[in-house]
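Please look at the sequence and the model on the screen, and keep both in view as I go through them.

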Amino acid sequence: MSYELQYIIFAIIGYFSGAVLYAKVWGYVFKGRDITLEAKDKNPGTFNAFALGGFWCGTLTVLCDLLKGIIPVGLCVYLVDSNAHNEYLMALVIIMPVIGHILPIYYKLHGGKGIAVSFGVMLGFLPDFTVALLLAIVFIVFSVIIVIKPDIYKTMATYIVAALIVPFIGYRLAVVIAYIAIAVIVCIRLIISDEEKKAFSISLIKWKIIGNKSSDSDSVIDCKETVDKEDINV
């Protein structure tokens with residue numbers, strides 16, 4: 001069997017793996033119903049799994065959504081790509097679980113947003129954490145330093161910025177292609193989602209250490225006032 005065919009087989013496996021919506025699966029296991037139908041946005045994702053299905057439903061959902069990206073990509077990396085090293089076909093293998101999650105054949109192409117599984121496919125390169133680290137770092141920056149709200153815009157900004165950065169930091173071509181393609185796919189999915197799109201805002205937070213204050217409570221008040229003054233709304 002040629003290496004090209006092996007890549008394609010793993011891409012197909014990745015799609016069908018990604019197409020299993022575990023928020024629905026574990027919802028049936030723990031609640032006996034499709035819990036995602038009770039959510040405003042009907043999204044079969046981690047948040048709704050926790051909110052509507054409980055701790056174990058949410059925990060198993062996020063683990064399975066990560067694994068359905070990790071397993072096909074990881075197996076392909078070690079069984080095929082380590083020998084063939086085809087950048088374009090490897091990129092296809094990385095992308096397909098995300099497409100499967102967003103456009104699942106089992107659910108009439110009505111899937112989720114692809115966020116957890118996109119982290120999963122990047123974790124498929126373990127023990128190399130650097131591929132997934134970029135996405136995680138950008139997400140943290142937009143969560144605690146340059147705070148973007150609501151979450152839908154924060155997620156879009158994370159994927160767009162990560163895709164813009166990745167060509168310049170030495171990742172292999174397959175990863176660059178996958179990052180850019182996944183960013184486009186996820187952003188389109190978020191734009192057309194049923195999630196309520198509140199007003200966009202961005203806040204730059206600067207923490208200052210306040211010294212020589214008479215009490216801790218005064219320091220807390222002064223620190224809060226400093227943060228409030230630094231808020232920038234767009």
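Helices (H or I, at least four residues) and strands (E, at least two) are runs assigned by DSSP, and they are numbered from the N terminus.

What you see is a predicted model, in which local features need a pLDDT of at least 70 and side-chain atom pairs count only at pLDDT 80 or more, while totals for chains, interfaces and linings use all residues. Residues are numbered from 1 along each chain as its sequence is written, and side-chain values use heavy atoms, with hydrogens and water left out.

I turn to confidence. The quantity pLDDT is the predictor's confidence in each residue, on a scale from 0 to 100. The protein chain averages 86, and 85% of the residues score at least 70. Where is confidence lowest, and where is it highest? The lowest mean, 43, belongs to helix H10, residues 216-230, and the highest, 97, to helix H5, residues 87-102. Over residues 207-234 the pLDDT stays under 50, and for that stretch the model has 26 contacts beyond four places in sequence.

Next, helix H2, which covers residues 22-31. I call a residue buried at under 20% relative accessible area, exposed at over 50%, and partly exposed in between, with a 1.4 Å probe and protein chains only. In H2, the residues Ala23, Lys24 and Gly27 are buried. Seen down the axis of H2, these buried residues fall within an arc of 95°, so they line one face of the helix. That arc is taken over the directions from the helix axis to the C-beta atoms. Against what do the buried residues of H2 pack? Their partners are helix H3 (46-53) and helix H4 (55-84). After H2 comes Gly32, with a positive phi near 75°.

Helix H4 also holds Lys68. Is this lysine buried or exposed? Lys68 counts as buried, because its relative accessibility is 2%. Its side chain reaches the backbone oxygen of Gly18 at 3.0 Å. Leaving aside neighbours within four places in sequence, Lys68 has contacts that include Ser17, Tyr22, His101 and Val117.

Tyr159 is found in helix H8, residues 151-165, and is buried at a relative accessible area of 4%. Its side chain makes a polar contact with the side chain of Ser118, at 2.4 Å. By a polar contact I mean a pair of N or O atoms within 3.5 Å; within protein, one must be able to donate a hydrogen and the other to accept it, and residues adjacent in sequence count only if both atoms are side-chain atoms. Beyond four places in sequence, Tyr159 is also in contact with residues including Leu135 and Ile182.

Now the strands. Two strands pair if DSSP finds at least two bridges between them. Strand E1 (residues 146-149) and strand E2 pair in the antiparallel sense over four bridges, and Ile146 stands opposite Leu204 in E2. Strand E2, residues 201-204, has a covered face formed by Ser201 and Ser203, whereas Ile202 and Leu204 are on the uncovered one.

Some backbone details follow. The peptide bond from Leu126 to Pro127 is cis, with omega near 10°, and Pro127 lies in the loop between helix H6 (115-123) and helix H7 (130-144). Another cis peptide bond joins Lys149 and Pro150, with omega about -5°; Pro150 sits in the loop between E1 and H8. His85, in the loop between H4 and H5, has a positive phi of about 55° although it is not a glycine. Its relative accessibility of 48% makes His85 partly exposed.

Finally, the cysteines. Cys64 is buried at 16% relative accessibility, and Cys187 is buried at 9%. How many disulfides are there? With a disulfide taken as a pair of cysteine sulfur atoms within 2.5 Å, the count comes to zero. Thank you for your attention.

Notes
Contact means heavy atoms within 4.5 Å.
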